[in-house]
Amino acid sequence: ECVSGCVCPEGLFDDGRGGCVEEEDCPCIHNSDWYNHGQNITVDCNTCTCQKGIWSCTTNACYGTCTIYGSGHYITFDGKFYDFDGSCEYVATQDYCGDKNSGGSFSIITENVLCGTTGVTCSKAIKMFLGKTELKLENKDYKEIQRDIGDDVYYQNRTVGLYLVIEASNGVMLIWDKKTTVFIKLTPDYKGKVCGLCGNFDDKSNNDFTSRTGLQEASALTFGNSWKQSSMCPDVTEEIKPCDLKPHRKSWAEKECSLILSEIFKICHSKVDPSPFYEACVHDACSCDSGGDCECFCSAVAAYAQECNKVQACVFWRNPDICPIFCDYYN
């Protein structure tokens with residue numbers, strides 16, 4: 001039976017954009033954008049080239065990044081997004097895991113404290129143990145403490161724009177915005193060898209909720225509680241919903257955070273799903289009600305912008321009215 005419509009002449013192929021091309025000119029698609037034969041894109045630390053409609057990529061092993069920001073939002077090394085609000089010290093990541101518990105070289109602890117009247121918590125201090133050196137990052141500054149046990153691990157620190165960057169010789173890097181956002185980067189050597197709230201960095205996100213005892217947990221609460229440093233801290237038993245507790249802030253929070261869903265970030269929407277970042281933003285904007293509400297909102301939007309940057313969707317969202325940064329001062 002004949003069906004009306006258009007077909008390409010014999011020997012040519014539909015290019016998906018209403019035209020017909022030779023096989024060697026077939027385009028490729030990535031995150032709903034089209035690329036012509038011979039065009040390159042960067043994915044993580046690899047370069048991909050479009051060849052006859054198929055991507056051909058380099059196979060470099062890339063750094064893993066774990067992000068902790070705002071009031072208890074986590075993106076693991078393997079890309080799992082979850083929330084955990086506990087007020088205690090927790091293991092963010094370490095290589096003291098499983099049977100080889102004694103052979104580790106680093107541990108990063110995040111200290112969560114209340115940041116508002118609704119009961120939500122923010123990461124306010126970070127402890128970084130590198131061999132026998134302990135670094136404590138708090139109140140926009142850091143200090144070094146030398147301990148008696150452990151190896152010597154060399155590190156250097158530098159300030160890059162808003163961030164304090166600590167880079168250690170064992171392949172661990174910590175980037176801190178001196179407020180509530182922390183990025184932890186690890187070299188590929190640590191794949192599958194770390195544990196904590198940042199997951200196990202084995203390229204599979206479905207097993208990231210592995211507790212301290214090695215069990216797979218179904219809920220973020222049980223998983224998070226297992227990584228607390230002190231048994232004196234109470235377990236978290238329920239997820240706090242600050243917008244339900246402060247309904248008068250909800251409409252303001254939704255209006256401000258709609259920036260993430262707006263045209264400004266349109267270039268990024270097909271590359272990074274904005275919905276979890278929008279929900280996290282509303283959660284934070286409702287919860288930070290004791291000063292610093294703009295700081296919480298700005299950190300939440302910046303977290304989405306950071307993920308957009310990773311996939312080459314650079315968005316200029318700051319302006320004199322929205323989370324301005326005085327670049328001359330930081331330069």
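Predicted model: local features only at pLDDT ≥ 70, side-chain atom pairs only at ≥ 80, totals over all residues.
**Exercise 1. Describe the link of C45 and C62 and say which parts of the chain it ties together.**

Solution. 
- Step 1, the bond. The S to S distance of C45 and C62 is 2.1 Å, and a disulfide joins them. The structure holds eleven disulfides.
- Step 2, the position. C45 lies in the loop between strand 5 (40-43) and strand 6 (46-51), and C62 in the loop between strand 7 (54-57) and strand 8 (64-69), so parts that are 17 residues apart in sequence are tied together.
- Step 3, the handedness. The angle about the S-S bond is -85°, and the link of C45 and C62 is left-handed.
- Step 4, the surroundings. C45 has a relative accessible area of 36% and is partly exposed, whereas C62, at 11%, counts as buried.

**Exercise 2. Work out where the two ends of the disulfide of C97 and C195 lie, and whether C97 and C195 are buried or exposed.**

Solution. 
- Step 1, the bond. The sulfur atoms of C97 and C195 are 2.0 Å apart and form a disulfide.
- Step 2, the handedness. With -95° about the S-S bond, this link of C97 and C195 is left-handed.
- Step 3, the position. C97 is in the loop between strand 11 (89-94) and strand 12 (106-114), and C195 is in the loop between strand 19 (182-186) and helix 1 (220-226); the pair links distant parts of the chain, 98 residues apart.
- Step 4, the accessibility. Buried means under 20% relative accessible area. C97 has 17% and is therefore buried; C195 has 11% and is buried too.

**Exercise 3. Find which helices the disulfide of C257 and C281 ties together.**

Solution. 
- Step 1, the bond. C257 and C281 are joined by a disulfide with an S to S distance of 2.0 Å.
- Step 2, the handedness. The torsion about the S-S bond of C257 and C281 is about -80°, so the disulfide is left-handed.
- Step 3, the position. C257 belongs to helix 3 (residues 247-257) and C281 to helix 5 (residues 275-287), so the pair ties together parts 24 residues apart in sequence.
- Step 4, the accessibility. Both C257 and C281 are buried.

**Exercise 4. Explain why C6 and C314 are too far from the closest cysteine sulfur for a bond.**

Solution. 
- Step 1, the cut-off. A disulfide needs cysteine sulfur atoms within 2.5 Å.
- Step 2, C6. The closest cysteine sulfur to that of C6 is in C20, at 8.5 Å, which is too far for a bond. C6 is exposed, with 82% relative accessibility.
- Step 3, C314. Its closest cysteine sulfur is in C308, at 9.4 Å, again too far for a bond. C314 is partly exposed at 48%.

**Exercise 5. Describe strand 14 and its pairing with strand 15.**

Solution. 
- Step 1, the cover. Strand 14 (residues 133-138) is mostly covered, with five of its six residues buried.
- Step 2, the pairing. Strand 14 and strand 15 (residues 141-146) run antiparallel and are joined by six bridges. L135 stands opposite E144 in strand 15.
- Step 3, the turn. Two residues lie between the strands of this hairpin, and N139 takes a positive phi near 50°.

**Exercise 6. Trace the contacts of R212.**

Solution. 
- Step 1, the position. R212 is in the loop between strand 19 and helix 1 and is partly exposed, at 39% relative accessibility.
- Step 2, the contacts. Leaving out residues up to four places away in sequence, R212 touches V91, S226, W227, K228 and Q229.
- Step 3, the polar contacts. The R212 side chain reaches the backbone oxygen of W227 at 3.4 Å, and a polar contact of 3.4 Å joins the side chains of R212 and Q229.

Notes
Residues numbered from 1 in each chain as written. Heavy atoms only, no water. Buried < 20%, exposed > 50% of the residue type's maximum accessible area, 1.4 Å probe, protein only. Helix = DSSP H or I, 4+ residues; strand = E, 2+ residues; numbered from the N terminus. Pairing = 2+ DSSP bridges. Contact = heavy atoms within 4.5 Å. Polar contact = N/O pair within 3.5 Å; in protein donor to acceptor, adjacent residues only side chain to side chain.
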